[in-house]
Amino acid sequence: MKTTQTQASQPSPGAPQESPPIMKFLVFTDLAGSTHMVESLGDAAAAEIFAHHDRIARNLIERWQGREIDRTDGFFLIFDRAVTAVGFALAYHEALRDLAATRKVEISSRVGIYLDEVRFVQNSPEQIARGMKQVEVLGRAVRLAERLMDMGEAGQTLLTRPVLELAISAAKETPFTERPFKWVSHGEYTLSKLGPTLEICDIGDPDLAPFSTPESPILGDSLSGLSIPGEQLWIPRKNEEIPGHPHWVLKRKLRRIGDQSDWIGVHVKTGDRRVFKITSEPEQLKMLKREVAVFRLLREELGDRADITPIHDWNFDTPPYFLEMGCTEPMFLDDWAEAQGGLDQVPLETRLDLMIQVATTLDAAHSVGVLHKCLSPKSVQIQLDHKGRPHPRLCNFGYGAIARPERLKDIGISTAQMKIPTLFNAQLGVSELALYLAPEVQKGQVATLQSDVYSLGVLLYQMVIGSFEVSTTGYWQERMSDKVMRDLISDLVDSDPNKRLMRPLWVVEQLQNMDEKRSVLAEQAQALENQRIQHENDLKAAVSQAQTYRNAVLVLAFLLIAAVGGLGLSIYAGTQPSKPSQPTTTGIHQPKP
């Protein structure tokens with residue numbers, strides 16, 4: 001499916017009217033195998049099915065508040081919200097599956113969803129009369145969105161990570177599907193030679209969507225250069241030594257967030273391993289400074305702790321700026337779970353023990369006025385002890401908030417150009433973490449300690465279910481049969497922060513006392529069951545007694561009726577007149593004379 005863009009002309013009478021750039025969600029669809037359908041069914045039958053398809057699609061476009069821009073082998077649509085764009089895509093795939101089953105034909109579509117700025121051009125009546133569309137959509141995003149759609153297979157919905165996170169976060173209030181869904185990340189891709197790398201994700205029915213890995217992935221190592229004054233552009237690559245940090249060589253790229261890339265680095269002489277967060281951007285540098293400041297405050301207040309990842313060194317003077325922190329292998333909680341064959345393969349007891357340790361560390365941070373704000377699997381490192389048992393370490397406090405920033409000055413930490421957020425200025429703009437953000441933070445309200453409690457609840461739910469792809473949206477309670485655990489998670493992820501548990505330490509206490517609570521609950525249930533059984537037995541006895549009484553009453557009534565009946569007959573007989581007696585004839589045999 002290819003589109004063309006009409007270039008805006010100079011303003012003149014009858015010229016098209018062009019809008020300023022505006023952020024929109026662009027959706028491209030493309031019917032797979034349409035040519036084969038025409039060849040196999042014939043023009044008339046195929047045209048009838050295509051018409052049916054268009055009616056279905058346009059009904060869904062209207063239902064999900066989309067706007068049709070173009071129609072060729074598929075549709076080019078515009079949506080105002082991620083949740084409606086994703087909702088349309090999932091409903092569209094489901095409708096095509098129903099159509100295929102009803103008509104007994106093979107019909108499916110690929111879908112791509114992209115977020116970026118576009119410009120709308122309203123064509124003049126003269127241009128429309130010459131065959132042009134009423135509205136044209138201009139911008140590089142149109143080409144990139146179509147290219148994203150082309151990367152997918154039939155039945156697949158590809159979308160960028162920000163679109164996915166915005167849709168999932170909005171689903172707390174506006175569910176985009178009533179069916180189970182699954183999403184996966186395919187990693188970083190580039191949609192154009194000079195464009196940035198983007199994390200491409202996939203969403204769909206867990207059992208029916210293909211979730212195929214798109215072709216031609218290009219990691220962004222060569223596209224995120226760091227400018228060093230007086231030198232050529234330095235690009236972080238594998239086996240590159242970090243400028244200004246001798247003997248430390250980059251070995252493996254972990255991830256990229258905006259203008260920051262995270263790497264595992266190895267000291268070529270000692271073999272020591274560290275995680276390096278590298279950037280050249282001043283705004284990202286402020287975050288690195290903030291992370292160091294929060295760590296130093298935690299160490300000053302709590303001492304050296306094995307459950308908080310240490311920061312060993314940093315360079316904030318000249319680019320490339322970096323932060324050097326402790327490294328574990330495997331790295332983060334989700335990496336460790338994947339190495340075990342999947343989170344669901346880890347014993348539940350181990351998963352809950354990890355959550356107890358995470359909650360304990362989070363409570364310690366809260367006790368000195370530090371709010372994490374980014375609690376997720378990527379903020380929990382896993383360290384194995386000498387027996388191979390996993391222990392979590394909390395890290396990535398770069399987005400954290402501090403209740404009393406003046407405390408930093410007390411311990412000699414300068415906050416110049418750092419912008420340490422307080423609890424009343426702690427907004428977060430990282431789309432990949434939206435799944436773990438409390439509803440009030442999603443709405444732009446201030447974050448509080450209860451916001452961390454919400455994130456803890458989401459992470460606990462994922463650990464219990466055994467998947468980092470589920471969320472506490474929709475009817476999540478239906479997946480949990482354990483009432484005690486379900487009630488605990490409900491107290492953590494309540495939409496009202498005032499109704500959530502106040503401290504992570506209370507979560508620890510409840511997790512540690514789960515078996516006792518279950519026993520109490522089982523005893524209560526047994527007591528209720530005993531009461532029910534006793535009540536049923538009492539009822540049966542009462543019914544039996546009533547039946548016996550009823551039978552006795554019936555016998556007495558029968559005897560009474562019989563007695564009354566006999567008496568009545570006697571009375572009746574006594575009241576009748578007597579008949580006259582007849583003479584008795586006696587036969588005497590007389591001998592004949």
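Biologist: What is the mean pLDDT of the protein?
Modeller: The model is predicted, and pLDDT is the predictor's confidence in each residue. In this protein 84% of the residues reach 70 or more. The mean pLDDT is 81.

Biologist: How many helices and strands does the protein have?
Modeller: The protein has 593 residues, and buried ones make up 47% of them. Its secondary structure comes to 15 helices and 18 strands.

Biologist: What share of the contacts with a separation of 6 or more comes from residues 24 or more positions apart?
Modeller: Take the contacts in the protein with a separation of 6 or more. Then pick out those between residues 24 or more positions apart. Their share is 65%.

Biologist: Which residues have the most contacts inside the largest nonpolar core?
Modeller: Start with leucine 460. Leaving aside neighbours within four places in sequence, leucine 460 touches Leu352, Met355, Met485, Leu488, Ile489, Leu492 and Leu511. The residues with the most contacts inside the core are Leu460, Met485 and Leu511.

Biologist: How many residues are in the second, separate core?
Modeller: This core includes Leu26, Val137, Met149 and Leu191. It is separate, and its size is 21 residues.

Biologist: Is histidine 372 buried or exposed?
Modeller: Histidine 372 lies in the loop between strand 15 (370-371) and strand 16 (380-384). Among its contacts beyond four places in sequence are Leu362, Phe397, Tyr399 and Asp452. Its relative accessible area is 0%, and buried means under 20%, so histidine 372 is buried.

Biologist: Why is the pair of phenylalanine 28 and phenylalanine 76 stacked?
Modeller: Phenylalanine 28 is in strand 2 (residues 22-32) and phenylalanine 76 in strand 4 (residues 75-79), 48 residues apart. Both phenylalanine 28 and phenylalanine 76 are buried. Their ring centres are 4.3 Å apart. Planes under 30 degrees apart count as stacked, so this pair qualifies with its angle of 5°.

Biologist: Is the pair of phenylalanine 276 and phenylalanine 322 stacked or edge-to-face?
Modeller: Phenylalanine 276 lies in strand 12 and phenylalanine 322 in strand 14, so the pair ties together parts 46 residues apart in sequence. Phenylalanine 276 is buried at 0% relative accessibility, and phenylalanine 322 is buried at 2%. The ring centres are 5.8 Å apart. The planes stand at 65°, so the pair is edge-to-face.

Biologist: Which residue lies over the face of phenylalanine 211?
Modeller: Charges over rings come up here. Arginine 71 lies over the face of phenylalanine 75, at 4.9 Å from the ring centre. Over phenylalanine 211, at 4.9 Å from its ring centre, lies lysine 182.

Biologist: Is glutamine 65 buried or exposed?
Modeller: Glutamine 65 is in the loop between helix 2 (43-63) and strand 3 (67-71). Its phi is near 60°, a positive value in a residue other than glycine. Exposed means over 50%, and glutamine 65 has 61% relative accessibility, so it counts as exposed.

Biologist: Is asparagine 396 buried or exposed?
Modeller: Asparagine 396 lies in the loop between strand 17 (390-394) and strand 18 (401-402). Asparagine 396 has a positive phi of about 60° although it is not a glycine. At 10% relative accessibility, asparagine 396 counts as buried.

Key. Residues numbered from 1 in each chain as written. Predicted model: local features only at pLDDT ≥ 70, side-chain atom pairs only at ≥ 80, totals over all residues. Heavy atoms only, no water. Core = buried A, V, L, I, M, F, W, Y, C linked by side-chain atoms within 4.5 Å. Buried < 20%, exposed > 50% of the residue type's maximum accessible area, 1.4 Å probe, protein only. Contact = heavy atoms within 4.5 Å. Helix = DSSP H or I, 4+ residues; strand = E, 2+ residues; numbered from the N terminus. Phe/Tyr/Trp six-rings, centres within 6.5 Å; stacked < 30°, edge-to-face > 60°. Lys NZ or Arg CZ within 6 Å of the ring centre and 35° of its normal. pLDDT = per-residue confidence, 0-100.
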